[in-house]
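Hi everyone, thanks for coming.

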Amino acid sequence: MRWPQAPFGKGLLRRRLRLAAQRFAEHGWAVMPGGYFNGRRMACDRTNCFATSSHPLYDDWETRSSTRSEQFDEWWSERPHALLLPTGYAFDVLEVPALLGSRAVCGPPTGPGRATSAGRVRGPVAVTAAGSWMFLMRSGGTLAPELDHRVDVVRHSIGSWIPAPPTVLPDGPIRWKVSPQSIGWQLPDPDEFQSALVQALVALDASFLDLPVTARRRLAPKALPRPAALKPTPTLRRAV
């Protein structure tokens, strides 16, 4: 297997990560370093760490996150460490699949990231090469019922974090679909934002139902067979 390579030289990538960290800090967004992509996995050079995916460089990352320039000089002096943003303080994040995310941003004007005469909600959106769309919003509020039951919608708040551009992961680089700079670093209200996302979800469901029956059967996920002797288990709720 050939692993994806970083799109920039390590030195250039380190400088871009350091510059991005400084920009976040200037707007009150604390940052922290994570493991770096070494061509095979996300490594951190700790002998007792066996994580292969994106992860913080320190166990006590919540207390070590910083907005200090001198700290950034140290963190990005040698390695192109992932740039991680703790959530639950300056903002929360909703991570959704690409189909829903792209509908909310690029489809009919029902969601964030698109200015309309109706004054729709707008906000920063980061996307991963693996197909996740991460919507930043103001912290607070609860997850809308229409989204809470979905296993493909994840809310990042206190105790969580997201990788930020221009971090490079094994699947490829993180990039902005809607950058914070393009909207003046404004974050959408969580209730208004979730309402817009639910509208995009309803529109997707409606367009799916409009398809011919044969197409719906082809696109619908296959149900897993359940042994007759086993009883259905209750759905587990995610902890937020």
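Let's start with arginine 46 and aspartate 59, which form a salt bridge, their closest N and O atoms being 3.2 Å apart. By salt bridge I mean a side-chain nitrogen of Lys or Arg within 4 Å of a carboxyl oxygen of Asp or Glu. Both residues lie in the loop between strand 3 (42-43) and helix 2 (61-64), so the pair ties together parts that are 13 residues apart in sequence. Helices (H or I, at least four residues) and strands (E, at least two) are DSSP runs, numbered from the N terminus.

A word on where this comes from: the model is predicted, local features need pLDDT of at least 70, side-chain atom pairs count only at pLDDT 80 or more, and totals for chains, interfaces and linings use all residues. Residues are numbered from 1 along each chain as its sequence is written, and side-chain values use heavy atoms, with hydrogens and water left out.

Is aspartate 59 buried or exposed? Aspartate 59 is exposed, at 65% relative accessible area, while arginine 46 is partly exposed at 25%. Here buried means under 20% relative accessible area, exposed over 50%, and partly exposed in between (1.4 Å probe, protein chains only).

Next, arginine 155 and aspartate 92 form a salt bridge with closest N and O atoms 2.8 Å apart. Arginine 155 sits in strand 8 (residues 154-156) and aspartate 92 in strand 5 (residues 92-97), 63 residues apart. Both of these residues are buried.

How many salt bridges are there by this rule? The count comes to 8.
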